Each structure stands twice: as structure tokens, then as C-alpha cells.
Amino acid sequence: MTRVLILTGDPIGERMAGPAIRVWNTALTLQADGHDVRVVTTTRAEQPDAPFDLFAVAPGDDRGFRPHERWAEVVLFQGYGLSQFPSLRRSDKYLVADVYDPMHLEMLEQGRELPEATWALRVAAARDALDDQLRRADLVLCASERQRLFYLGHLAALGRINPATYRDDPDLRGLLDLMPFGLDPIPPTPGSALRDVIPGFDADSKILIWGGGVYSWFDPLSLIRAVAALSVERDDVRLFFLGTRHPGVDEMGIVREAFDLARELGVEGTTVVFNDTWVPYVDRGAYLLDADVGVSTHHIHVETTFAFRTRILDYLWASLPMVVTDGDGFADLVRDEQLGVVVPGNDVAALTAALAEVLDPERAAYYRSNVERIRDGFAWPVVLGPLRAFVADPHHAADYAGDRDAMGTGAARRGRRLSGPLHDVRMAWHHLRHSGSRDVIRRLRGRLGRRG
């Protein structure tokens with residue numbers, strides 16, 4: 001049995017978003033494996049009946065956090081936790097960084113509505129926090145192969161890809177492995193959610209569900225236009241936005257734009273309905289089961305390239321065929337496995353046609369059968385495999401020698417000139433220490449020969 005501490009910045013309670021859902025299911029899985037699990041959030045802990053120990057510690061309260069760090073053997077952390085608690089930054093415990101959310105790329109979009117200086121500061125803070133995590137972690141976990149390639153470059157720049165980490169692990173899975181978002185292996189439970197609850201949503205309605213929050217990197221406006229256009233041809237189509245207020249993120253301007261557009265097109269409250277709160281985590285299954293199609297539309301930019309849309313896992317969980325925008329890893333999955341239709345970004349005509357196709361009963365049944373074929377591979381116990389293996393046999397990274405500040409070589413070498421007299425002296429001293437005087441003489445002769 002291993003004592004595992006999981007640290008998150010998201011609220012843990014009845015209404016949870018992606019990071020908290022990930023922590024909750026990770027804790028449940030590790031506990032089922034026989035480990036002793038403790039969860040700490042730096043915001044709100046409002047789940048008194050949690051099946052594991054749950055605590056709230058304010059950011060920067062290192063005195064409050066230190067007893068948890070001392071108790072733990074393995075610490076799994078997300079977000080800014082490492083930079084908020086000095087005792088964790090210098091900890092000799094086994095540290096696992098969960099970087100499934102490239103938060104510096106997310107902040108490029110999330111901060112668009114801020115003053116320029118504040119936007120730049122937020123992006124820099126996210127980048128610096130991520131640097132810190134990648135430099136100090138014994139194991140880094142990301143969500144997709146796209147992300148893995150991205151983070152390999154980041155780790156290389158920080159000096160974490162070095163002879164020590166490479167020697168016995170040439171594919172570097174021991175340093176950076178995959179841990180996608182997962183889904184509950186137990187199917188969702190039906191309930192009264194949409195049909196015959198919301199006016200106009202009845203047994204004959206064809207319901208499209210937007211299964212999460214509305215943020216600036218998404219494109220709800222093209223979707224609303226497409227649904228409005230489709231509703232001219234058929235009066236049974238409905239679009240439901242599951243949540244517009246993330247429990248841990250301020251409402252973004254795109255939410256108001258979406259409301260205004262739906263009202264302008266005459267579909268707000270009838271064909272297009274917004275849930276202006278956040279559906280409790282345990283209730284979301286009933287909403288998904290009442291839907292016919294899961295939708296996710298976004299803009300095309302760098303955040304898209306490396307994003308992992310967790311709402312897609314809920315669509316898999318509920319066996320929903322999908323319509324999604326191209327450009328991210330899940331679009332590749334939807335296309336390759338024939339789970340629905342992939343459309344170009346910001347293309348209302350293509351989106352309208354895709355919605356009509358997926359609402360066709362024969363096509364819907366085909367896509368649904370494909371979803372059911374692959375969904376078990378995304379169950380939480382499966383996707384958590386690399387973490388479960390690490391917790392069962394924890395170990396430090398090969399380049400950890402008792403000092404977190406010394407991990408990697410990028411910072412120590414930053415700014416060094418790679419030519420000139422000082423560089424020559426440094427290199428001569430290096431070779432004298434490690435190879436002896438004969439090697440230094442040989443290299444000097446070679447240098448003089450090239451100059452001649």
C-alpha cells in the first residue's frame with residue numbers, strides 16, 4: 001500500500017469540472033487498488049461524504065499543506081500547486097506532474113479579454129509554473145500522443161532528456177507517459193432531465209447536447225447558426241448547452257455573445273436552450289442519455305492542436321454519435337473510428353449538413369455502434385494504467401540526486417556562450433577532469449590543425 005496525495009486547484013463538490021472529475025476518479029481507482037489516498041484542493045472542498053480523505057488548503061499556506069506532504073509517499077499534482085507550496089517544490093517524495101491541460105496555451109485564449117499586460121502576465125505565470133513541474137517531477141503524465149510530442153520538446157529544452165533519463169529508458173516512457181481522461185466503466189443512469197422537462201423537448205425531439213462549459217476557444221456561434229438553419233427544414237431539432245458557468249472559472253464574453261446570437265436568430269429558449277448554471281456531476285448522465293448527438297465546435301489555433309476535450313469522453317460514455325470540429329486529437333479519433341462527422345472550423349454550411357447526417361436514423365445507428373465498440377478502452381481503470389503502475393512501485397527519476405533544484409540542465413546553462421575564450425577554457429577544464437591531459441592535448445592539436 002502506498003500513501004498517495006493528490007493536489008488540485010479545482011473545487012471538489014457536487015458540481016465539478018474536468019480537473020476535479022479527473023482527480024475524483026483517480027482517487028477512487030487508486031483507493032480500489034488498496035492504496036491510502038488523500039485529496040487536497042486549494043479552492044473548495046464541499047463533498048462531506050467523499051469516500052477518501054478530502055481537505056482544503058489555501059494557496060500559499062505552506063504550514064497547512066506541510067503535514068499532507070509529510071504524510072505522503074507519492075504526490076500527484078495539477079495546475080499551480082507546485083509553485084504555491086515551498087515544501088512541495090523541495091520535497092523528496094515521489095512527484096508526479098499531471099499536465100493533461102497545457103495551461104499556458106489555454107491561457108492564450110482564456111486571457112484574450114484581459115488588458116494586454118495582464119494577459120501577458122497570466123501566460124508567463126502559466127508557462128513558468130509548467131516549467132517548474134516538468135523540471136522537478138519524477139514522472140510526467142499527459143493526455144495524448146500529440147501532447148507527448150509537445151512535452152518531449154519542452155522537457156528537452158529544460159535538460160530533462162539527458163543521458164541519465166535516456167540510458168535505460170530510450171523511449172522515455174518512464175519520464176513522460178500517457179494518462180488520457182477517462183470515463184466511468186458503469187454506464188450512465190437514466191432520469192428526468194430534458195425530455196418532457198424543458199418545454200419543447202419531447203419524445204420526438206432530436207436533441208443535440210453541448211456537454212460542458214462555453215469558453216472563448218470554442219465556437220458556439222457557428223453551431224447556433226447551423227441549428228437555426230436546420231430548424232427551418234425540420235422543427236424537431238433542439239440544442240441544449242449543458243453548462244455556461246464553470247464552477248471555478250469566471251464567465252467569458254463568448255457566453256453573452258451566444259445568448260445574444262440565439263435571441264437575434266429567434267431560437268433562444270425554444271430551439272436553443274442554455275442551462276445557466278452547472279449540472280451536478282452525478283446527474284449529468286441523465287442529460288446525456290436524453291440526447292441524440294454530442295456536439296463540440298471550436299476555433300482552429302494552437303490551443304486546439306494540443307487540447308483534450310473531456311466532454312468527448314462523456315459522449316463516448318453515453319454512446320452518442322458526434323459532430324466535432326477538425327484540428328484536435330479527438331477529431332482524429334472520430335474520423336478514424338467513424339464515431340460521427342468531422343467538419344472544418346467556422347464552416348456553418350458544412351456543420352449544418354453534418355448535423356442533418358448524424359440525425360438520420362440509419363447513420364446515427366452506425367456511428368453509435370462504433371462508439372460502443374471502442375468506449376471500454378477509455379474506462380478510468382484502463383487509462384490510469386501508467387499511474388497505477390508507478391504508485392505500485394514508486395521511484396525517483398533517473399536524474400534526481402536528492403536536489404529538486406538541480407534536476408535538468410537547461411537553467412544552469414542558460415546564457416552561456418558557446419564560442420570564444422571563456423568557452424574554450426571551460427571545455428578544456430571539462431575534458432581535463434573527465435578524460436585526462438592526453439585528450440586535452442589531442443583536442444588542442446586538432447583545433448590548431450583546423451585553423452592551419
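How many helices and strands does the protein chain have? It has 21 helices and 13 strands, where helices (H or I, at least four residues) and strands (E, at least two) are DSSP runs numbered from the N terminus.

Quick housekeeping, then. This is a predicted model, so to speak of local features we need pLDDT of at least 70, side-chain atom pairs count only at pLDDT 80 or more, and totals for chains, interfaces and linings use all residues. Residues are numbered from 1 along each chain as its sequence is written, and side-chain values use heavy atoms, with hydrogens and water left out.

Overall picture first. The C-alpha trace spans about 85 × 55 × 45 Å along its principal axes. Of the 452 residues, 52% count as buried, and buried means under 20% relative accessible area, with exposed over 50% and partly exposed in between (1.4 Å probe, protein chains only). Take contacts, meaning heavy atoms within 4.5 Å: of those with a separation of 6 or more, 73% join residues 24 or more positions apart.

Now the cores. A nonpolar core here is a set of buried Ala, Val, Leu, Ile, Met, Phe, Trp, Tyr and Cys residues joined through side-chain atoms within 4.5 Å. The largest one has 62 residues, and Leu-316, Met-322 and Leu-387 have the most contacts inside it. Its largest share, 6 residues, comes from H1. There's also a second, separate core of 38 residues, with Leu-208, Leu-239, Phe-259 and Phe-274 among them.

Stay with Leu-387 for a moment. Leaving aside neighbours within four places in sequence, Leu-387 touches Thr-26, Leu-30, Leu-76, Val-96, Leu-141 and Met-179. Thr-26 and Leu-30 show up again where H1 meets H18: together with Thr-29, they face Leu-387, Arg-388 and Val-391.

Axes are lines fitted to C-alpha atoms, for helices over the stretch in contact, with angles from 0 to 180 degrees between N-to-C directions.

On to H5, residues 103-110. Is H5 mostly covered or mostly open? Mostly covered, with 6 of its 8 residues buried, and those include His-104, Glu-106 and Glu-109. The axes of H5 and H6 (residues 116-136) come within 8 Å and cross at roughly 170 degrees, which means H5 is roughly antiparallel to H6. On the H5 side we have Met-103, His-104, Met-107 and Leu-108, which meet H6 residues including Trp-119, Arg-122 and Gln-133.

In the loop between strand E5 (94-98) and H5 sits Pro-102, buried at a relative accessible area of 6%.

Ser-319, in the loop between H13 (311-317) and E12 (322-325), has phi near 60 degrees, a positive value in a residue other than glycine. Gln-338 also isn't a glycine, and its phi is positive at about 55 degrees. Ser-319 is buried, at 5% relative accessible area, whereas Gln-338 is partly exposed, at 31%.

Methods: Angles under 35 degrees count as roughly parallel, over 145 as roughly antiparallel, 65 to 115 as roughly perpendicular and the rest as oblique.
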